[in-house]
Amino acid sequence: MTTLLALLGTSLVLQSTQAGATSQSKAAGSSAAVVRVAEFLADCPFSHRLPDDPIVFPGLPGASHMHSFFGSTSTNAHTTLASLQSSPSNCNPRVDLSSYWVPTLYNGNTPVEPTGTTFYYLGEGVRDDIIARTQPLPLGLRIVAGNAKATGIDDPSSNARWSCLHAGHVGSSKDFVNCPAGTMLESYLDFPQCWNGRDLDSADHKSHMAYPVGGACPASHPVPVPKLRQVLRYPVSGDPAQLRLASGRGYTMHGDFFNAWPPAEMERRLRDCIRPIIKCGADGTPS
């Protein structure tokens, strides 16, 4: 009997050890699957075109150059936060009721809309301790990034970049680039991620926001929020001589953002993705 009990005890110890090793292995595998990038995203395809801008020219239909709109399907010159919250969105996820818009791209006189439209929300650009205290983008926040009136590629107010999908050897530029056949023209634009903590907009639609300096938000704009990165892919390649934006040359690329994310959804994505520095997909879970 003593021998049998000893054998049973040894067996239980071995089973416990093996179970513990299996549990540790699973945990290690789960940990390894998490990509350490502070990110969630929204895929919002082209919705419609209008010569409207509810941030720069609110209540004035036709007052703007032509814009291509993404996300909310109702955006026009009269758009308000309330109208966004009560209108449908074509975004994935559908809970993102925000509106995004850019000057329409033309090839000659033919409008060309992007076939890839992803809006990333990122924690990069600041130190990890600042990422850990990132705050939600406030409901109703309006931002314009880039400059529709930029005068050239040396203009510091022009911060969009053009490049070619799967053709990194071409390099990037503030103006259009010549993409090899079979590739696509890409536009990247980063919005500022430091908020003054008070204003949802400002006279120039920029001054209430700022870009980080030295990995931190400046004292004038102390509240870190997610960085919005606008990535658009246009089905054009080759000589860009016939390309133009409704606002002018490539260096006039700019983006407008009117935030209508439900606060609870925005906060969940910060809690689960941005602050712990985890790469999440459109559903706000680790991808």
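**Figure 1. The open sheet E6-E5-E15.** Three strands in the order E6-E5-E15 make up an open sheet with antiparallel pairing; strands are DSSP runs of at least two residues (E), helices are DSSP runs of at least four residues (H or I), and both are numbered from the N terminus. Two strands count as paired if DSSP finds at least two bridges between them. Strand E6 (110-112) and strand E15 (243-245) are the edge strands, each pairing on one side only. On average, neighbouring strands of this sheet are turned by 40 degrees against each other, direction ignored; the axes are lines fitted to C-alpha atoms, for helices over the stretch in contact, and angles run from 0 to 180 degrees between N-to-C directions. Strand E5 (residues 105-107) is joined to E15 by 3 bridges, and the two run antiparallel. Tyr-106 has Arg-244 as its bridge partner in E15.

The model is predicted: local features need pLDDT of at least 70, side-chain atom pairs count only at pLDDT 80 or more, and totals for chains, interfaces and linings use all residues. Residues are numbered from 1 along each chain as its sequence is written, and side-chain values use heavy atoms, with hydrogens and water left out.

**Figure 2. Confidence along the chain.** The predictor's confidence in each residue, pLDDT, runs from 0 to 100. Its mean for the protein is 90, and 89% of the residues reach 70 or more. Where pLDDT is low, the predicted coordinates should not be read in detail.

Figure 3. Strand E14 (residues 227-234) is largely enclosed by the rest of the structure, because 7 of its 8 residues are buried. Relative accessible area under 20% is termed buried, over 50% exposed, and in between partly exposed (1.4 Å probe, protein chains only). Strand E7 (residues 116-122) pairs with E14 in the antiparallel sense over 7 bridges, and Thr-118 stands opposite Val-231 in E14. Strand E10 (residues 185-190) also runs antiparallel to E14, joined to it by 6 bridges. Here Leu-189 stands opposite Gln-230 in E14.

**Figure 4. The largest nonpolar core and the surroundings of Leu-185.** A nonpolar core is a set of buried Ala, Val, Leu, Ile, Met, Phe, Trp, Tyr and Cys residues joined through side-chain atoms within 4.5 Å. The largest one has 50 residues, of which Phe-40, Tyr-100, Tyr-121, Leu-185, Tyr-234, Met-253 and Phe-257 touch the most other members. Helix H4 gives the most to this core, with 4 residues. Apart from it lies another core of 8 residues, including Leu-97, Trp-101, Val-144 and Phe-258. Residues up to four places away in sequence aside, Leu-185 touches Trp-162, Ser-163, Phe-176, Val-177, Cys-179, Leu-232, Arg-233, Tyr-234, Val-236 and Leu-243.

**Figure 5. The salt bridge between Lys-279 and Glu-39.** A salt bridge is a side-chain nitrogen of Lys or Arg within 4 Å of a carboxyl oxygen of Asp or Glu; the whole structure contains 16 of them. In the one between Lys-279 and Glu-39, the closest N and O atoms are 2.8 Å apart. This pair links distant parts of the chain, 240 residues apart: Lys-279 lies in the segment after helix H4 (263-274), and Glu-39 in strand E1 (residues 39-43). Lys-279 is partly exposed at 27% relative accessible area, whereas Glu-39 is buried at 7%.

**Figure 6. Salt bridges of Asp-272.** Asp-272 forms a salt bridge with Arg-268, with 3.9 Å between the closest N and O atoms. Both residues lie in helix H4, 4 residues apart, about one turn of the helix. Relative accessibility is 25% for Asp-272 and 21% for Arg-268, and each counts as partly exposed. Asp-272 also meets the side chain of Arg-271 in a salt bridge (2.8 Å, N to O). Salt bridges that share partners join Glu-265, Arg-268, Arg-269, Arg-271 and Asp-272 into one network.

Figure 7. The peptide bond from Asn-92 to Pro-93 is cis, with omega near 20 degrees; Pro-93 is found in the loop between helix H2 (81-85) and strand E4 (99-103). His-166, although not a glycine, has a positive phi of about 65 degrees. His-166 belongs to the loop between strand E9 (161-164) and E10 and is exposed, at 75% relative accessible area. Ile-277 has a positive phi near 60 degrees and is found in the segment after H4. With 10% relative accessibility, Ile-277 counts as buried.

Methods. Contact = heavy atoms within 4.5 Å.
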